[in-house]
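The sequence and structure are shown first.

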Amino acid sequence: MRCQECDQGETRTGMTTVPIQLLNAIILVKGVPSDICDACGKFFVDVTTSHELLRIAQEAADRGDDVTDYRTEAEE
Ligand SMILES: [Zn+2]
């Protein structure tokens, strides 16, 4: 898929680390499935994944963690 950010590179499916900004913390979520541009490095996550990211980041913040792994309910 052509990158929507730079219109130069092609995106490839991979894993990335995404910082999620919460009200009073920034949580790093690792191993997030995403499409990553091979030219500019911009990553794209789908709507379902971004909703999961918010939930996972909030859970990590509640535990007092600032780094966590991406996991969906189905995999737990
Ligand atoms: Zn790009």
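## Fold and strand pairing

Read along the sequence, the protein chain has the pattern β-β-β-α-β. That gives 1 helix and 4 strands, where helices (H or I, at least four residues) and strands (E, at least two) are DSSP runs numbered from the N terminus. The model is predicted: local features need pLDDT of at least 70, side-chain atom pairs count only at pLDDT 80 or more, and totals for chains, interfaces and linings use all residues. Residues are numbered from 1 along each chain as its sequence is written.

Along the principal axes, the C-alpha atoms of the protein chain fill a box of roughly 40 × 30 × 15 Å. Of the 76 residues in the chain, 16% are buried; a residue is buried if 20 or more other C-beta atoms lie within 10 Å of its own, exposed if 12 or fewer, and partly exposed in between, with C-beta atoms placed from the backbone. Among contacts with a separation of 6 or more, 55% join residues 24 or more positions apart. A contact here is a pair of residues whose C-beta atoms, placed from the backbone, lie within 7 Å.

| Strands | Sense | Bridges |
|---|---|---|
| β1 and β2 (residues 26–37) | antiparallel | 10 bridges |
| β2 and β3 (residues 43–44) | antiparallel | 2 bridges |
| β2 and β4 (residues 67–69) | parallel | 3 bridges |

β1 and β2 form a hairpin with 4 residues between them. Within this pairing, isoleucine 20 has isoleucine 27 of β2 as its bridge partner, while threonine 11 stands opposite cysteine 37 in β2.

β2 also forms a hairpin with β3, with 5 residues between the strands, and glycine 41 in this hairpin takes a positive phi near 85°. The bridge partner of aspartate 35 is phenylalanine 44 in β3.

The pairing of β2 with β4 is parallel. Here valine 29 stands opposite threonine 68 in β4.

Notes
Two strands pair if DSSP finds at least two bridges between them. Two residues are in contact if their C-beta atoms, placed from the backbone, lie within 7 Å.
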